[in-house]
Amino acid sequence: MSERILLKIRGLKKHFPLTGGVFRKVIGKVHAVDGVDINIRAGETMGVVGESGCGKTTLGRTILRLLEPTAGTLEFDGEDITDLKGADLRNVRKKMQIVFQDPMASLNPRITIKNSVGEPLVVNGIAKGPKMRNMVLELLQKVGLTEDHLNRFPHEFSGGQRQRICIARALALNPKFVVMDEPTSSTDVSVQAQTLNLMKDLQKDLNLTYMFISHDLSVVKHMSDRVAVMYLGQIVELTPRDIFRESLHPYTFALVSAVPIPDPQFAGKAQILSGEVPSPISPPTGCRFHPRCVFAQEKCTHEIPKLRDIGNNHLVACHFAGELDFGSSAQLDYAEAIGQ
């Protein structure tokens, strides 16, 4: 992993308008992504975790310009891509790809795998006919499939095989950056391990940079060089450290302590969150986590915490980061009980 910044994101926002009434006037907006600042270095894997609805997938899609950003800037490989359109945007998209969460939904059930994986090659004028077939076969072989799979349809494959096909298609144009949106959620544990190892091997061989989105903290730890924790559209912690042992935001520790522990005798100091995630239509003032945080104080209700470096490139958006008493002993207990 180099120190070169491949992707620089500043103040990125994505708001979805809410309309109502006879004339469909805008009456509000959903703050899906609400002010994200992040650098992703070439060759690294940036893990992104958080509860459902926190904005992980929207962040990935907005970075790729599959969704138009409401505000902020996107700089990819030294080029500002925030406002690119037409042919310029298509050229950049060759270098930025995505593997979606549901492989069956992202594959056309009416065309063969050869044509599905080969479509980017044809559309971009790279290859067609026998040349396209040979390039598709090479891509399939990279992900562990064979020539026998070329003329089959998506329903003839298992979930793990379909995800491998989607990975092959994402690699067709030799991208530099790939968003992996929960790529193992539709596979069982044994196939999951194979898929993760495949992604690591491809990253090493092809010098890829990943954004890896997942709910599974153990998988994120295994795959990632750094981990970004999202809550209600914002990053609350960004750490190169062990998320199980050295988290400093109370929300991150709550996520860790929610991991099931295979020991009925274990009595850890779990931080149980009360209530539901606040509505992204009307997020709380101050720290967005304060309505559910057992450590919240008056300051948290009106003052927005900045994402600040508390040492060793560990960034935390909490007024009291490093001062809270869930403490390293509780983290260590959980890490050992979980097997991390």
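Buried, in my notes, means under 20% relative accessible area, with exposed over 50% and partly exposed in between (1.4 Å probe, protein chains only). Helices (H or I, at least four residues) and strands (E, at least two) are DSSP runs, numbered from the N terminus.

Ground rules: I'm working on a predicted model, where local features need pLDDT of at least 70, side-chain atom pairs count only at pLDDT 80 or more, and totals for chains, interfaces and linings use all residues. Residues are numbered from 1 along each chain as its sequence is written, and side-chain values use heavy atoms, leaving out hydrogens and water.

**Strand E8**

I looked up E8 (residues 209-213): five of its five residues are buried, so the rest of the structure largely encloses this strand. Thr209, Met211 and Ile213 point one way, Tyr210 and Phe212 the other.

**Its partners**

Next I checked pairing (at least two DSSP bridges between two strands). E3 (residues 45-49) runs parallel to E8, joined by four bridges, and I found Gly47 opposite Phe212. E7 (residues 177-181) is also parallel to E8, over five bridges, with Asp181 opposite Ile213.

**Helices**

Which helices have axes that come within 10 Å? I got H6 (residues 159-170) and H7, crossing at roughly 15°; axes are lines fitted to C-alpha atoms, for helices over the stretch in contact, and angles run from 0 to 180 degrees between N-to-C directions. H6 and H7 are therefore roughly parallel (under 35 degrees; over 145 is roughly antiparallel, 65 to 115 roughly perpendicular, the rest oblique). For the contact (heavy atoms within 4.5 Å), I noted Gly160, Arg164 and Ile167 of H6, and residues of H7 including Val191 and Leu198.
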